[in-house]
Amino acid sequence: MFDFIKGLFEKKPVPKERPAFYDIVCPFCFEKYTPDEVVFRAAHHREDDEDYALQEDELLNRYREKFGLDSIDEIEAILHPDSIPDENKVVVDNVLVEIIDRYGRVTKKRMCPKCHNDLPITAGKAPSNIISIVGASQVGKSVYMTSLIHTLQNTTANNFNAACMPLNAEISRKFRDNYEAPLFERGDLLDSTQKEKRQEPFIFQFVFKDESQAPLMLVFFDVAGEGMVDRDYLDLYASHVKNSAGILFLVDPLQIKTIRDKMMISIGDAPGEFTARYDEPRDVVITLFESFIGHQQKSKTDIPTAFILTKSDMLHSLKEEDGEYIKTNSNVFNNVVHRQHLNLTEFENINGEIRRFIQKVDRPFKDAIDVYFTNTAYFAVSALGSNPINQRIGGVVNPIRVDEPFIWLLHQLEYIEGREE
Ligand SMILES: Nc1nc2c(ncn2[C@@H]2O[C@H](COP(=O)(O)OP(=O)(O)OP(=O)(O)O)[C@@H](O)[C@H]2O)c(=O)[nH]1
Ligand SMILES: [Mg+2]
Ligand SMILES: [Zn+2]
């Protein structure tokens, strides 16, 4: 009897099974719709047919203008599947992937009906989970994103019997050339992300080797920190945050005044690499509230949000203290590796420790979190493993606990199990 009642309350068994198809979340404009609502770009044009003539694509140009991209004069026509007889439609795995137009020409170019950008080939076949990385200027967003994606591809995927790969060759090349190679091969830090430059999504697929398990499509954005406290910037560039499946909220311990003052004392007169610019982490919460949380039910968001203390390597200089903030045996310095499931024991240890830490060093920030976020957990990571000197990383990059917040998100989204150990 007891087991029966217990069974009723136990969570549905993971892994998640594949449904017939998934709603599409456009990685460009973040609108959500079903796969049968897509439109197609004609594969050819004709001068004798108005419908197929080269023409201006207003929707596409409106989108491009918003992001400061050149407008396109003339482009092939948009074809609506409604105008195509069923026998000329190709449906694979319940998803419309191709049409044959009235001239017998095939097109596989699926477009977003709302912004007319090219959809990724996996759209509709895998859930699109947008993971937003937010945080004030210089907290380490770009470096963390790079270190996380690098780790997902090289170790995490393997630990979960999966593969993690870029969606296409262009994303692969851009990620390597602009992020991974400078950091991991040349030891150079990245330039501060420009508010003016359009941020392209980095789309990756996380596919389990067990085919019955649903794959994920991960969309990462590297937003500019200086825009995080700018309402207009958030409205325009970071509207993906409200459509996110999970948020990684980065906090730089050195941007918290109590810690900054303490560190200054222990580092003495060589503060060298200290960040000059900084916004209070709470200001970021406030702009997030203005731009989307305030419009959600009860003015709270239930998007799972990981609050992540970055640059945890810097906390070494605090640990010698009487243990008021960070104890010598702190979880922060242990690199925990999660395999096959989220190790709940390790997770609770770090979550508890950092939750108390934030509460102690920045009470107003912790209060703001408690008011606006309903599903939270706390982490500490070091994307680099050591503090860079003169904008260069000495030796190899040695990330500490970087994938843990991501694994927690996978658990929250019911892709993987959690187990006590
Ligand atoms: N000690 C230490 N420093 C780090 C780490 N990650 C980043 N940093 C430092 O933080 C600086 C800023 O990192 P970025 O990733 O460029 O910061 P960002 O949040 O993208 O900054 P914006 O693009 O200006 O918003 C780097 O230049 C490093 O000096 C880390 O793991 N450890
Ligand atoms: Mg950046
Ligand atoms: Zn779109």
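Predicted model: local features only at pLDDT ≥ 70, side-chain atom pairs only at ≥ 80, totals over all residues.
The protein is divided into two parts, domain 1 spanning 28–111 and domain 2 spanning 128–419. A distance of 37 Å separates the C-alpha centres of domain 1 and domain 2.

Strand β13 (residues 246–251) has six of its six residues buried, so the strand is largely enclosed by the rest of the structure. In a regular strand, side chains alternate between the two faces of the sheet. Both faces of β13 are covered, with Gly246, Leu248 and Leu250 buried on one side and Ile247, Phe249 and Val251 buried on the other. Two pairings of β13 can be described in detail. Strand β9 (residues 128–134) pairs with β13 in the parallel sense over four bridges, and Ile131 has Gly246 of β13 as its bridge partner. Strand β14 (residues 305–309) also pairs with β13 in the parallel sense, over five bridges. In this pairing, Leu250 stands opposite Ile308 of β14. Gly246 and Leu250, which take part in these pairings, are both among the buried residues on one side of β13.

Helix α11 (residues 404–412) is likewise largely enclosed by the rest of the structure, because eight of its nine residues are buried. The buried residues are Glu404, Pro405, Phe406, Ile407, Trp408, Leu409, Leu410 and His411. After α11 comes Glu414, which has a positive phi, near 65 degrees.

Positive phi values also occur at two residues located in loops. The phi of Arg401 is near 55 degrees, a positive value in a residue other than glycine. Arg401 lies in the loop between β16 (376–380) and α11. Since 25 C-beta neighbours lie inside 10 Å of it, Arg401 counts as buried. Lys298, another residue other than glycine, also has a positive phi, near 55 degrees. Its position is in the loop that runs between α7 (281–291) and β14. Lys298 has 8 C-beta neighbours inside 10 Å and therefore counts as exposed.

Ligand 1 is surrounded by 24 residues, of which the closest are Lys141, Ser142, Val143, Thr193 and Gly225. By class, the shell around ligand 1 contains nine nonpolar, 11 polar and four charged residues.

Taken as a whole, the protein contains 11 helices and 17 strands. Its radius of gyration is 23 Å, close to the 22 Å given by the globule rule for 421 residues, so the protein is as compact as a globular protein of that length. Along the principal axes, the C-alpha atoms fill a box of roughly 80 × 65 × 45 Å. Of the 421 residues in the protein, 37% are buried. Among contacts between residues at least 6 apart in sequence, 74% join residues at least 24 apart.

Notes
Residues numbered from 1 in each chain as written. Chains lettered and ligands numbered in written order. Near = placed C-beta within 6 Å. Nonpolar A, V, L, I, M, F, W, Y, C, P; charged D, E, K, R; others polar. Buried ≥ 20, exposed ≤ 12 C-beta atoms within 10 Å, placed from the backbone. Pairing = 2+ DSSP bridges. Domains from an automatic or database assignment. Rg over C-alpha atoms; globule rule 2.2 N^0.38 Å. Contact = placed C-beta atoms within 7 Å.
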